[in-house]
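Here is a short report on one protein model.

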Amino acid sequence: MKAFVRKVNYYETDKMGITHHSNYIRFMEEARIDFLSNIGWGFDKLEDAGLVSPVLSITCDYKQSTTFADELKIIVNTEKFSGLKFVINYTMKCGDKVVCTASSTHVFMDKNGRPVFLEKQYPDFYKALTETKVEE
C-alpha cells in the first residue's frame with residue numbers, strides 16, 4: 001500500500017509562514033482515514049458495523065518545519081495491536097527529510113461504549129490491521 005500524500009495549504013500556516021503544529025494532528029487523522037479505507041474498512045463501514053475508535057493518546061515529535069505547498073508523504077503503520085487497543089505510527093516526510101514522527105493510540109468500542117475485541121467479532125478487520133504494511 002502506498003503512503004498518503006497531501007500538500008500543506010496556505011491557511012495551515014502561521015504568521016511566520018510555517019505549518020502550525022496543530023495541523024499535524026489533522027494530517028494524522030487524514031492519513032489514518034486513508035489507511036483504513038485502503039484496507040477496506042473506511043469510517044463509513046466501521047460506523048455501519050457499529051464500531052467507533054476514539055483516540056486515547058497522541059504523541060508528535062517535530063523534526064523540521066514545513067511551509068505552504070510543501071508536499072508531505074505520510075507513512076502509516078500499526079505498531080501494536082491487542083485486538084482491543086491499537087497504536088499507529090506516522091512518519092511524515094517532505095522529500096527525503098523526516099519532518100515529523102508521531103503515534104496515536106485508539107480503542108475499539110461499540111456505539112454503547114463497550115469494548116470490542118476484533119479478533120473474535122471482526123476477524124477480517126483484525127487480519128487487515130495486523131497484516132497491512134504501508135510503503136514509501
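## Ground rules

Helices (H or I, at least four residues) and strands (E, at least two) are DSSP runs, numbered from the N terminus. Thr105, for example, lies in strand β6.

This is a predicted model, in which local features need pLDDT of at least 70, side-chain atom pairs count only at pLDDT 80 or more, and totals for chains, interfaces and linings use all residues. Residues are numbered from 1 along each chain as its sequence is written, and side-chain values use heavy atoms, with hydrogens and water left out.

## Helix α1

Helix α1 covers residues 23-38. It has 16 residues and reaches 23 Å from its first C-alpha to its last. That is close to the 22 Å expected at 1.5 Å a residue. The expected span is 1.5 Å times one less than the number of residues. After α1 comes Gly40, with a positive phi near 90 degrees.

Burial is judged by relative accessible area: buried is under 20%, exposed is over 50%, and partly exposed lies in between (1.4 Å probe, protein chains only). The buried residues of α1 are Asn23, Tyr24, Phe27, Met28, Ala31, Arg32, Phe35 and Leu36. Arg26 also lies in α1. Arg26 counts as exposed because its relative accessibility is 52%. Its C-alpha is 13 Å from that of Lys7, 19 residues away along the chain.

## The nonpolar core

A nonpolar core is a set of buried Ala, Val, Leu, Ile, Met, Phe, Trp, Tyr and Cys residues joined through side-chain atoms within 4.5 Å. The largest one holds 34 residues. Ile74, Tyr90, Leu118, Phe125 and Leu129 touch the most other members. At least two residues each come from α1, β4 (71-81), β5 (85-94), β6 (97-107) and α4 (123-131). The largest share, six residues, comes from α1.

Contact means heavy atoms within 4.5 Å. Leaving aside neighbours within four places in sequence, Leu129 is in contact with Phe35, Leu36, Ile39, Thr78, Phe81, Phe108 and Leu118.

## The cavity

Rolling a probe the size of a water molecule over the atoms shows where empty space is left. On a 1 Å grid over the protein atoms alone, a cavity is a set of points where a 1.4 Å probe fits but cannot get out; lining residues have an atom within 4 Å of a point. Grid points are joined across faces, edges and corners, and a volume is the space filled by probe spheres set on the points. A search of the whole structure finds one cavity of 30 Å³ or more. The largest cavity has a volume of about 30 Å³.

Its lining is made of Met1, Lys2, Ala3, Phe4, Ala31, Asp34, Phe35, Val76 and Val134. Helix α1 gives the largest share, three residues. By class, the lining has seven nonpolar, no polar and two charged residues. Here Ala, Val, Leu, Ile, Met, Phe, Trp, Tyr, Cys and Pro count as nonpolar, Asp, Glu, Lys and Arg as charged, and the others, Gly among them, as polar.

## Strand residues

Ile88 is found in strand β5. Ile88 is buried, because its relative accessible area is 0%. Its C-alpha lies 5.4 Å from that of Ser104, 16 residues away along the chain. Beyond four places in sequence, the contacts of Ile88 include Arg32, Val76, Thr78, Ala102, Ser104 and His106.

Thr105, in β6, is buried at 16%. Leaving aside neighbours within four places, Thr105 is in contact with Pro54, Val55, Leu56, Ser57, Phe86 and Val87.

Asp110 is found in strand β7 (residues 109-110). It is buried, with a relative accessible area of 16%. Asp110 touches Gly50, Val52 and Val116, not counting residues up to four places away. The C-alpha atoms of Asp110 and Gly50 are 5.5 Å apart, though 60 residues separate them along the chain.

Ala69 is found in the loop between β3 (55-62) and β4. Its phi is near 75 degrees, a positive value in a residue other than glycine. Ala69 counts as partly exposed, at 37% relative accessibility.

Gln121 lies in helix α3 (residues 118-121). Gln121 is partly exposed, with a relative accessible area of 47%. Gln121 and Glu136 are 15 residues apart in sequence and 32 Å apart in space, C-alpha to C-alpha.

Methods
On a 1 Å grid over the protein atoms alone, a cavity is a set of points where a 1.4 Å probe fits but cannot get out, and a pocket is an open set with protein on both sides within 12 Å along at least five of seven lines; lining residues have an atom within 4 Å of a point.
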